[in-house]
Amino acid sequence: MAMPGIIVASVFTFLNSLDEAQGTFLVGIPDFKTMPVVMYSIIADFPSSAGAVFSIILTLPTVILLLAAQRFVSADIMASGFQTK
């Protein structure tokens with residue numbers, strides 16, 4: 001029963017880790033290289049198309065989760081859980 005909550009927590013943790021890039025970039029370079037710091041350096045070193053590719057890669061899981069939520073968590077399904085027998 002806890003699996004949906006674990007999955008959502010994992011997704012939120014991943015997305016929140018991307019927000020911590022500035023702090024890691026200021027404090028941790030060159031000793032610590034997290035994924036967001038590496039992504040920033042890749043985007044800075046490569047042409048502007050790398051930024052577009054990363055934005056699609058990072059947006060795609062969000063779109064998939066929203067479509068799944070729209071399909072599986074509709075008003076009809078939520079309301080059916082409150083019916084009494």
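From the N terminus on, the elements of the protein chain follow the order α-α-α-α-α. The chain holds five helices and zero strands. Helices (H or I, at least four residues) and strands (E, at least two) are DSSP runs, numbered from the N terminus. The model is predicted: local features need pLDDT of at least 70, side-chain atom pairs count only at pLDDT 80 or more, and totals for chains, interfaces and linings use all residues. Residues are numbered from 1 along each chain as its sequence is written, and side-chain values use heavy atoms, without hydrogens or water.

Helix α4 spans residues 49–72, 24 residues in total. Its first and last C-alpha lie 35 Å apart, close to the expected 34 Å (1.5 Å times one less than the number of residues). A kink of about 30 degrees occurs in α4 at T59, shortly before the proline P61. The bend is the angle between axes fitted to the seven residues ending at a residue and the seven starting there.

The protein chain exposes about 7,100 Å², 72% of it from carbon and sulfur atoms (Shrake-Rupley method, 1.4 Å probe; for residues, only the protein chains shown count as cover). Of its 85 residues, 11% count as buried.

A nonpolar surface patch comprises V8, F12, F14, L15 and M35, with about 460 Å² of accessible area together. L15 is placed in α1. L15 counts as partly exposed because its relative accessibility is 34% (buried is under 20%, exposed over 50%, partly exposed in between; 1.4 Å probe, protein chains only).

Methods. Patch = residues over 30% accessible without salt bridge, like charges linked within 9 Å, V, L, I, M, F, W, Y side chains within 5 Å. Salt bridge = Lys/Arg side-chain N within 4 Å of Asp/Glu carboxyl O.
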